[in-house]
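Here are a few notes on the ligand site, jotted down while going through the model. Have a look at the structure first, then read on.

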Amino acid sequence: MALERTLSIIKPDATRRNLTGAINAKLEGAGLRIVAQRRVRLTTAQAEAFYAVHRERPFFRDLVTFMVSGPVVAQVLEGENAVARNREVMGATNPANAAPGTIRKEFAESIEANSVHGSDSAENAAIEIAFFFSALDIVG
Ligand code: GDP
């Protein structure tokens, strides 16, 4: 398996509850290395652009409003199979369906306020990493 990078976001529900460190511990415990990290307050236009693939979904407007409701922590995670490994430690989108020990099972408030984002493919990871970081920001 190749060394991979993926984009993670600690969402506003988690930063509000001071869970950045607890979530980072889960990520690191899963063998993922945080090789870039930045706390930002997204604008509405930025959140809309980031979630453009969901533009037609019924929850798009709510999701954008949620994502700009507080600071987020954008991160680049590096490791073997990082995209899949991060999805595994995140857990299912709906915390009610998330496996025990996953970030969403332990910390998520709802299907929307579910504490973390993670890229769903290597192709999207490259696009999403470039949305937040330049090459110089990433220190492997
Ligand atoms: P993910 O890849 O597991 O994050 O899930 P998706 O790509 O399907 O959805 C993106 C994000 O939209 C999720 O992480 C949630 O924050 C939000 N979301 C997904 N499904 C719903 C829903 O049914 N209702 C609401 N309000 N938000 C949702």
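**Notes on the pocket and its ligand**

1. The largest pocket has a volume of about 630 Å³. A pocket here is an open set of points on a 1 Å grid over the protein atoms alone, where a 1.4 Å probe fits, with protein on both sides within 12 Å along at least five of seven lines. The volume is the space filled by probe spheres set on the points.

2. Bear in mind that this is a predicted model, with local features needing pLDDT of at least 70 and side-chain atom pairs pLDDT 80 or more, while totals for chains, interfaces and linings use all residues. Numbering starts from 1 along each chain, and side-chain values use heavy atoms, without hydrogens or water.

3. There are 25 lining residues (an atom within 4 Å of a point); Tyr-51, Val-53, His-54, Leu-63 and His-117 lie nearest the centre of the pocket. Helix 7 gives the largest share of the lining, four residues.

4. What takes up this space? The ligand does, going by the rule that more than half of its atoms lie within 2 Å of the grid points.

5. The residues around the ligand (a heavy atom within 4 Å) include Lys-11, Arg-57, Phe-59 and Glu-112. By class, this shell has three nonpolar, three polar and five charged residues.

6. Now the polar contacts (N or O pairs within 3.5 Å). Ligand oxygen atoms lie 2.6 Å from a polar side-chain atom of Thr-93, 2.9 Å from one of Asn-114 and 3.2 Å from an N or O atom in the side chain of His-54.

Definitions and conventions. A polar contact is a pair of N or O atoms within 3.5 Å; within protein, one must be able to donate a hydrogen and the other to accept it, and residues adjacent in sequence count only if both atoms are side-chain atoms. Ala, Val, Leu, Ile, Met, Phe, Trp, Tyr, Cys and Pro count as nonpolar, Asp, Glu, Lys and Arg as charged, and the others, Gly among them, as polar. Helices (H or I, at least four residues) and strands (E, at least two) are DSSP runs, numbered from the N terminus.
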